[in-house]
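Here is a short briefing to read alongside the sequence and the model.

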Number of protein chains: 4
Amino acid sequence: MGTEVPRLEGIFPPIPTPFDAGGEIDLKALAENLDWWNRFDLTGFVVLGSNGEAALLDETEKLRLVDSARAALSEDRSLIVGTGLPSTRATIVLTRAVADAGADFALVLPPSYYKGQMTDGALGRHFRTVADASPIPVILYNMPACTGIDLGAELIVSLAGHENIVGLKDSSGNVAKLGRIHAELGERFRILAGSGSFLLPALAMGAVGGVLALANIAPRQCIEIRRLSKGGDIDAARELQVRMISPNTAVTRRWGVPALKAAMEMLGLRGGPVRPPLRPLGGEQRDELRAILIEARILDRNEKEMNR
Amino acid sequence: MGTEVPRLEGIFPPIPTPFDAGGEIDLKALAENLDWWNRFDLTGFVVLGSNGEAALLDETEKLRLVDSARAALSEDRSLIVGTGLPSTRATIVLTRAVADAGADFALVLPPSYYKGQMTDGALGRHFRTVADASPIPVILYNMPACTGIDLGAELIVSLAGHENIVGLKDSSGNVAKLGRIHAELGERFRILAGSGSFLLPALAMGAVGGVLALANIAPRQCIEIRRLSKGGDIDAARELQVRMISPNTAVTRRWGVPALKAAMEMLGLRGGPVRPPLRPLGGEQRDELRAILIEARILDRNEKEMNR
Amino acid sequence: MGTEVPRLEGIFPPIPTPFDAGGEIDLKALAENLDWWNRFDLTGFVVLGSNGEAALLDETEKLRLVDSARAALSEDRSLIVGTGLPSTRATIVLTRAVADAGADFALVLPPSYYKGQMTDGALGRHFRTVADASPIPVILYNMPACTGIDLGAELIVSLAGHENIVGLKDSSGNVAKLGRIHAELGERFRILAGSGSFLLPALAMGAVGGVLALANIAPRQCIEIRRLSKGGDIDAARELQVRMISPNTAVTRRWGVPALKAAMEMLGLRGGPVRPPLRPLGGEQRDELRAILIEARILDRNEKEMNR
Amino acid sequence: MGTEVPRLEGIFPPIPTPFDAGGEIDLKALAENLDWWNRFDLTGFVVLGSNGEAALLDETEKLRLVDSARAALSEDRSLIVGTGLPSTRATIVLTRAVADAGADFALVLPPSYYKGQMTDGALGRHFRTVADASPIPVILYNMPACTGIDLGAELIVSLAGHENIVGLKDSSGNVAKLGRIHAELGERFRILAGSGSFLLPALAMGAVGGVLALANIAPRQCIEIRRLSKGGDIDAARELQVRMISPNTAVTRRWGVPALKAAMEMLGLRGGPVRPPLRPLGGEQRDELRAILIEARILDRNEKEMNR
């Protein structure tokens with residue numbers, strides 16, 4: 001693996017984990033959501049990412065979710081699974097387990113608790129040790145807003161020399177860094193935009209797709225931005241991209257997973273509650289979110305989503 | 001509980017977790033260390049703190065460590081146990097388990113993965129929910145260098161109104177904040193300095209003691225700083241305090257747990273390896289650390305520690 | 001003015017201020033540089049920006065530079081002049097003076113010394129007061145790396161409602177923010193990329209050009225990136241853009257104005273010394289800079305620049 | 001000079017610059033204020049500091065203020081004058097001018113516009129060049145909240161080796177750093193607390209006094225904190241210190257110079273307007289400020305200040 005990279009370009013929603021009213025994972029709701037997402041030309045899905053509330057799940061729950069997602073997906077959909085944990089050894093154990101359960105790629109956050117000690121040397125050793133031990137290719141996951149660690153271009157380029165480290169999901173928004181990495185590595189190293197707010201500019205810098213919370217609620221539009229960009233129709237791509245920034249911000253930086261789940265409910269998908277310490281959106285926030293979705297034409301004024 | 005607060009003033013070492021050569025926890029080494037620490041007038045110990053590599057341990061390991069520590073300590077030593085986890089429910093489960101195992105206090109980090117959503121409202125709800133469910137009193141644990149979240153004075157004062165939230169360990173170094181909290185709450189809310197670099201100034205602002213990595217390797221000096229301060233001998237307290245800053249910084253901010261364990265080995269205690277992604281100190285760093293310990297008179301020039 | 005906006009799209013080099021060996025401004029060197037830059041299809045120039053060491057110049061020097069630049073430029077070249085100063089009244093005085101000297105636009109940094117008091121309200125009042133008093137249109141200048149203040153999208157959109165505030169130069173690299181601003185304001189509000197590291201992605205988000213340190217040493221390439229982007233040839237634009245990131249970083253974030261002036265000297269332009277506290281590049285840094293310029297094909301291996 | 005250091009211990013108010021209704025400096029109001037402050041055992045005064053709105057004054061205004069202050073002060077009061085400007089040469093020119101006007105010490109901010117280039121090497125060179133050229137001893141001024149640059153302990157210790165660099169005013173609140181500096185340099189290097197929120201803990205770490213905005217409105221209390229601390233009466237010192245935190249925060253970090261001037265007016269001193277971009281306090285803020293001053297017993301309930 002790693003040399004003949006599986007499908008790792010295009011749009012991937014990092015799917016939320018539905019909980020039932022009692023706060024337990026709801027696999028039936030997950031299956032319903034996947035049934036809807038499967039109608040779109042999405043390359044695959046990310047399970048156990050930040051939007052999947054992975055930090056709030058125990059190991060048993062994690063494996064049940066991977067099993068369910070794999071069962072619901074045809075073989076040609078790539079299944080990316082978040083496996084980063086604070087210790088190197090726990091990360092390896094989880095990575096092997098999800099590989100056994102059918103994951104195609106492991107998406108690995110940097111360990112971030114001991115920030116002061118997480119030099120490039122320590123981070124490099126961690127990722128290489130995990131990649132050595134992983135039966136599936138590893139994607140680096142840069143998410144400074146959550147981890148407080150921003151993987152630098154030099155470290156990423158160095159890690160790309162490992163045959164089992166095949167790509168990067170970057171949520172920092174620093175597209176100049178993506179361009180620098182692309183300049184050094186070319187298309188063999190797969191760069192995925194980590195947010196729908198900068199999909200088009202990331203593509204302009206050499207990204208081949210995106211892992212986008214927005215793709216959960218606006219898959220068609222995300223796919224379309226990429227199609228227009230590849231076709232050189234920058235004006236149309238821009239028009240769609242800038243329209244997507246406000247809803248994307250709402251379900252990410254501004255209100256996070258609670259808003260993503262609320263938006264899914266508005267669209268007829270199954271969101272359900274979030275797990276504490278996350279808190280549900282308040283009523284005013286929901287009203288504002290609804291207005292944002294309508295303004296962006298993700299939701300129509302009769303509150304039916306526009307994609308169906 | 002909570003109203004007639006147990007012993008929560010004085011000096012508490014947050015003890016490292018010894019691992020054997022194979023990387024597994026070494027309870028015999030822990031017992032040896034506790035045997036030495038028990039010679040000093042330490043109020044108690046913190047198990048499963050940042051210096052205990054708690055983030056790198058699994059739940060089974062955590063409970064074995066608490067059991068061992070409780071067994072090795074007399075009743076009059078307070079046992080504080082770190083129980084903060086990313087989800088509220090996991091934090092409660094662990095808190096109850098360590099209470100069953102004999103912990104006197106739960107030391108609770110703020111959940112920090114979803115930083116953008118961790119408003120004072122969300123954090124307040126989390127801590128109150130944990131405190132409601134906890135059979136033992138809760139100590140707030142502010143550690144922005146690791147969590148990226150700095151608990152504010154207003155939130156802390158508000159949480160102090162909960163009868164089962166009895167104190168704060170603060171590692172931020174912002175002693176003005178400690179003073180403001182003390183001004184509002186007085187001695188009934190126990191403030192503990194979170195680093196040996198500012199024990200004396202924290203005491204000047206109303207702290208009643210400290211949870212100090214430094215107390216693992218210089219318990220006598222930490223106890224002495226507090227004794228001198230209480231006695232009004234500020235000049236002597238200052239002389240000792242400022243001498244302790246360099247070794248304290250070495251085993252905390254500068255080189256972290258790897259240095260703390262290396263220093264313990266130099267003193268004849270059992271440190272052992274750290275768990276990856278943490279990395280052992282390099283040779284030059286060890287030499288510099290040794291020189292710092294000698295300069296601070298924690299280690300004598302013949303490399304026997306000064307306390308014995 | 002202000003309603004019928006002058007030429008404010010395309011590429012603008014923010015030109016360095018040449019000093020002679022004695023550290024005084026060297027207007028002859030400035031004229032020589034302008035003579036070379038005038039060969040390219042640059043829309044205009046920025047004088048007294050960060051790259052012009054404006055913070056290190058006195059008021060007399062500033063006006064002499066503006067006079068000289070205006071005299072050397074044909075009428076169809078737009079002259080943008082940096083006029084931001086810590087107080088509102090000093091900013092107004094300077095803005096009026098440079099307008100008298102022939103500036104077409106004032107580029108206004110936010111006042112940043114009293115950061116804690118620089119709320120959106122205070123910043124908004126400052127910019128509106130300056131814009132009211134200014135005889136020439138105002139361009140907002142967002143440069144958080146120098147000022148420590150990051151102008152937010154909401155403030156910028158609100159200020160765009162002032163008839164004499166016509167555009168934004170943004171050096172933050174946050175292209176999602178540019179997209180959001182463009183979504184709200186459209187092309188009537190001129191967005192200029194503030195760094196050559198993200199010109200193409202900024203154009204993808206609605207920018208109409210850039211104020212680029214890189215354009216001092218690679219004007220042809222900057223102009224070409226924009227031309228290719230407008231023509232929909234994204235692949236060629238990307239190839240050129242990503243090649244420009246390393247030299248751009250060298251003369252901005254990494255080594256700053258000293259590197260920009262050193263690069264100009266390598267290309268046969270007049271750089272000259274920087275003014276302290278800035279320090280000249282060391283020998284090793286110069287060697288590395290030369291290698292970067294050659295690798296990016298800005299300088300050929302015989303050390304003649306490629307543009308002539 | 002520099003070896004036989006003039007009086008540089010005790011309490012120094014960094015005095016605000018009074019403006020009249022037209023926004024011009026009001027030297028008569030300054031004289032009235034100094035007349036009141038002269039009743040207290042203050043070692044001296046800081047003119048042209050952050051609280052003096054130095055960043056918003058022109059050079060002529062600056063020298064008029066220094067002249068007036070010197071004329072109003074007896075010889076035994078130390079006059080410290082802020083002279084830091086963005087360029088090294090401008091800093092030297094101003095330092096020499098204020099020395100001619102009777103300043104005893106120059107208080108020098110680090111140049112901060114080109115933050116990315118302000119390495120310890122560049123900052124060290126700047127301060128040494130200024131100290132070489134200054135006819136009066138130099139005090140380093142660390143004010144990261146305004147400059148975005150935090151002078152490190154190693155740089156400060158290194159600079160203390162210069163015979164004309166005699167002390168440090170530190171507003172960072174990092175008292176551990178002050179302790180480390182004191183451990184290396186002892187009392188010959190004068191450390192001054194830069195905020196009334198941490199005067200007592202700074203004294204505990206080796207500071208010999210403070211430059212405190214709070215001392216403008218509560219000179220007696222600031223002097224008393226230091227007297228109690230020197231006498232070893234820590235409990236009484238703490239009681240007074242923690243009571244001062246809330247008013248200190250109000251006139252510094254929270255609301256800044258506008259609040260300091262408003263508080264002065266409430267106490268019968270001459271504050272006057274602030275200069276834009278600073279904005280006056282709103283009505284609600286003034287009410288809250290008044291309540292804070294009363295609660296801290298700086299103002300009595302009949303709105304007469306307690307000191308007279």
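Asp58(B) caps the N-terminal end of α2(B), with a side-chain oxygen 3.1 Å from the backbone nitrogen of Thr60(B). A polar contact is a pair of N or O atoms within 3.5 Å; within protein, one must be able to donate a hydrogen and the other to accept it, and residues adjacent in sequence count only if both atoms are side-chain atoms. This is a predicted model: local features need pLDDT of at least 70, side-chain atom pairs count only at pLDDT 80 or more, and totals for chains, interfaces and linings use all residues. Side-chain values use heavy atoms, with hydrogens and water left out.

**Helix α2 of chain B**

- Helices are DSSP runs of H or I with at least four residues, strands are runs of E with at least two, and both are numbered from the N terminus.
- Glu61(B), Lys62(B), Leu65(B), Val66(B), Ala69(B) and Arg70(B) are buried in α2(B) (under 20% relative accessible area, with a 1.4 Å probe and protein chains only).
- Seen down the axis of α2(B), the buried residues fall within an arc of 165°, so they line one face of the helix; the arc is that of the directions from the helix axis to the C-beta atoms.
- On the other side of α2(B), Thr60(B) and Ala71(B) are exposed (over 50%).

Conventions
Residues numbered from 1 in each chain as written. Chains lettered and ligands numbered in written order.
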